[in-house]
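Please open the model in a viewer and keep the selection tool at hand. The stops below are given in the order in which to select them.

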Amino acid sequence: MGDNRDMSRRWLFADQLGPHFLDDRRQPVLLIESKAVFRRRVHHRQKAHLLLSALRHRAAELGDQAVFLRAETYGQALKKVREPLEVCHPTSRRALDFVRGLDRVTVLPARGYVTSLADFAEWADQRRGALRMEAFYRFAREHHGVLLDSGDPAGDRWSLDVENREPPPKGGKLDVPAAPMPKEDDIDAEVRADLDRWEREGIRFAGRDGPRRFPATTKEAKARLRHFLRHRLAAFGPYEDAMLSTDPWLAHSMLSSSFNLGLLDPIEAVRGAERAYRREGAPLASVEGFVRQILGWRDYIWHTYWYFEAGWRTSNELSARRSLPAWWNDLDADAVDAHCLSDVLAGVRDRAWVHHIPRLMVLGNYALQRGWRPAELVEWFHTRFVDGYEWVMTGNVVGMSQYADLGRMTTKPYVGGGAYINRMSDYCGGCRYDPKKRLGEDACPFTAGYWAFLSLNRDRIPGNARMARTMKQMDRLADLDAVVAQEKRRGDDPP
């Protein structure tokens, strides 16, 4: 391409930081750091650190190629920029409306996802009914030619999920090499000093400060991806749904924040996993499970955020009216006796991250049982997790964990009792609660909450073949009324 003076200046948001958001490595760039983002919402301290570190590292990498502005708001910063700008489709409706309202900013198609918005909309328009990730995932595999053998799925099955449901390994730790951790530098020290000063000025953060555990540069993210594909991918599949109090990472890639900051191009990870299968003999079930999370679920969550109407975010078809309690908002894990919930909440407090099963079957499951407002949970997950964004959490919370839309994207509520947690974790041994009991002082709050939730919502949950057996079982419970009364007394107090 020609001299960069002939190229438009590309405005990169703080979740568009990888090289795939530029058309040319010499393209002029605009980066803006807005302090108002942290005044408007209470973010986890470690999430704020990662966001600022990634943005400032990108500015340092680009040097004179970038104009880097620090301001209270985006609007104030833009007053200092005279030239026309272009920006890739932002990741929230609010940001999209903002950039579309600027007369000298051209909005380009979205990047950072595998399937385009137009291709998803064309596929979804033809469905004429409820959308399902499984169907989209098959479409995406075929459309992009991923894990196909002569047009058929590798291994003759589109999903190998049934092979990826092993309980946690014995011994309290998975025998895989630890993922490489970033080394903090002068930029991180500057960020930490600024956050300390902002707190003194009155900006509030949640959670605890700690070492930066997640990549802030594309170089760091690619190193973690290479290590995962070489050393951890094989074990990822079988244990991707397991939970261990002694090993929160297991074999997870720990790359979700890297994808969501735009540091990594997801198709690079998908192709890398496929090469690991075809060239290095990585187990197909593990490879397919990893590909499903990126090409399937991550893209699906992104696309449904834009395909469904804006009001989907505030869906509340189960009429959950209770506000999040203070102990939950403050990540007060020490107030909780239930081992699983205490440990998972401590993971959020201490790392701003737990993997997808603790999010869904511990945090989301408990919130669903208690009838907490889905919109407040979207905000909580958005701000308390290093990989949290509105587009990420709308589908994962409203559509999946809280079933607040009555099944527009899932077939049944993801609600469960202590038996599931007992089977898939080491949490129940030594806990003061018994996962087999639903009534009494040692009754598991998840087991009791499960039956209370189903009883209170039986008329709201649509008839579903996957729930029919459970509903019949509930009708045979002689102590159901007592369980419902017990959980009403528990209310929102920490269990």
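Begin by selecting Asp442 and Lys437, which form a salt bridge whose closest N and O atoms are 3.0 Å apart. A salt bridge here is a side-chain nitrogen of Lys or Arg within 4 Å of a carboxyl oxygen of Asp or Glu. Asp442 is partly exposed at 27% relative accessible area, and Lys437 is partly exposed at 35% (buried is under 20%, exposed over 50%, partly exposed in between, with a 1.4 Å probe and protein chains only).

This is a predicted model, in which local features need pLDDT of at least 70 and side-chain atom pairs count only at pLDDT 80 or more, while totals for chains, interfaces and linings use all residues. Residues are numbered from 1 along each chain as its sequence is written, and side-chain values use heavy atoms, with hydrogens and water left out.

Next, select Arg10 and Glu86, a salt bridge with its closest N and O atoms 2.6 Å apart. Arg10 lies in strand β1 and Glu86 in strand β5 (residues 85-88), so the pair ties together parts 76 residues apart in sequence. Strands (E, at least two residues) and helices (H or I, at least four) are DSSP runs, numbered from the N terminus. Arg10 is buried at 0% relative accessibility; Glu86 is also buried, at 13%.

Now display the open sheet, where 5 strands run in the order β4-β2-β1-β5-β6 with parallel pairing (two strands pair if DSSP finds at least two bridges between them). Its edge strands are β4 (66-71) and β6 (105-108), each of which pairs on one side only.
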